[in-house]
Amino acid sequence: MASTPRFLQGVFSFSGNGLDKPELIDPSLSFVVPEGVTAQPLYFRGGNSSEELVVVTLLRDGSPMRIFPMGAKSGVNIPLRVVEDVDPDTILELVVAAPAGTTGEVVVDFGLVLV
């Protein structure tokens with residue numbers, strides 16, 4: 001069976017409202033798994049330009065699936081060793097949380113495959 005890669009990528013400005021108050025980074029980082037296929041998240045690469053810790057979270061239908069903390073002015077490269085099938089019509093979203101008043105840019109490169 002052939003697989004199709006899909007990437008959610010970009011550089012996005014954010015403004016923090018608290019580490020416990022994540023917000024959608026950008027509408028382009030929301031993905032609905034198409035009918036007839038399953039999705040498998042494979043990796044997350046990210047960067048944080050701010051002076052504070054930020055947390056990017058992968059949501060599956062509004063619930064946290066994976067959490068990616070990024071230190072101040074740093075980046076991460078996280079291959080997902082445990083790969084889960086995500087069913088059709090599931091909404092995947094990337095959200096960011098940062099301490100209140102924190103501003104900066106987050107770099108996102110999230111890869112998944114459709115099977």
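Two strands are taken as paired if DSSP finds at least two bridges between them, and strands themselves are DSSP runs (E, at least two residues), numbered from the N terminus. With these terms in hand, the pairing at alanine 39 can be described: alanine 39 stands opposite leucine 114 in β9. The structure is a predicted model, in which local features need pLDDT of at least 70 and side-chain atom pairs count only at pLDDT 80 or more, while totals for chains, interfaces and linings use all residues. Residues are numbered from 1 along each chain as its sequence is written, and side-chain values use heavy atoms, with hydrogens and water left out.

Four strands form an open sheet in the order β1-β9-β4-β7, and their pairing is antiparallel.

Strand β9 (residues 103-114) pairs with β1 in the antiparallel sense over 12 bridges. Along this pairing, threonine 4 stands opposite leucine 114 in β9, and phenylalanine 12 stands opposite valine 106 in β9. Strand β4 is also joined to β9, by nine bridges, and the two run antiparallel. Strand β9 is mostly covered, as nine of its 12 residues are buried, where buried means under 20% relative accessible area, exposed over 50%, and partly exposed in between (1.4 Å probe, protein chains only).

Phenylalanine 7 gives a residue-level view of β1. This residue is found in strand β1 (residues 4-15) and is partly exposed, with a relative accessible area of 41%. The C-alpha atoms of phenylalanine 7 and glycine 111 are separated by 4.7 Å, although the two residues are 104 residues apart along the chain. Not counting residues up to four places away in sequence, phenylalanine 7 touches Tyr43, Asp109, Phe110 and Gly111, a contact being heavy atoms within 4.5 Å.

Aromatic rings come next. Rings of Phe, Tyr and Trp (its six-membered ring) pair if their centres lie within 6.5 Å; planes under 30 degrees apart count as stacked, over 60 as edge-to-face and the rest as tilted. By this rule the count comes to one aromatic pair. Phenylalanine 44 and phenylalanine 68 form this pair, which is stacked, at 4.3 Å centre to centre and 5° between the planes. The pair links distant parts of the chain, with phenylalanine 44 in strand β4 and phenylalanine 68 in strand β6 (residues 63-70), 24 residues apart. Both phenylalanine 44 and phenylalanine 68 are buried. A further ring is involved with a charge: the charged end of arginine 45 sits over the ring of tyrosine 43, 4.4 Å from its centre. For this, NZ of Lys or CZ of Arg must be within 6 Å of the ring centre and within 35 degrees of the ring normal.

Asparagine 48 is found in strand β4 and is buried, with a relative accessible area of 4%. A polar atom of its side chain lies 3.5 Å from the backbone oxygen of methionine 70. Neighbours within four places in sequence left aside, the contacts of asparagine 48 include Phe14, Met70, Ala72, Lys73 and Glu105. Serine 50 lies in the loop between β4 (39-48) and β5 (54-60) and counts as buried at 2% relative accessibility. The side chain of serine 50 reaches the backbone oxygen of glutamate 52 at 3.0 Å. Among the residues that serine 50 touches, not counting those up to four places away in sequence, are Phe14, Ala72, Lys73 and Thr102.

Finally, the loops hold two aspartates with positive phi. Aspartate 61, in the loop between β5 and β6, has phi near 50°, a positive value in a residue other than glycine. Aspartate 89 lies in the loop between β7 and β8 (91-98), and its phi is near 70°, again positive in a residue other than glycine. Aspartate 89 is exposed, with a relative accessible area of 52%.

Technical notes:
Polar contact = N/O pair within 3.5 Å; in protein donor to acceptor, adjacent residues only side chain to side chain.
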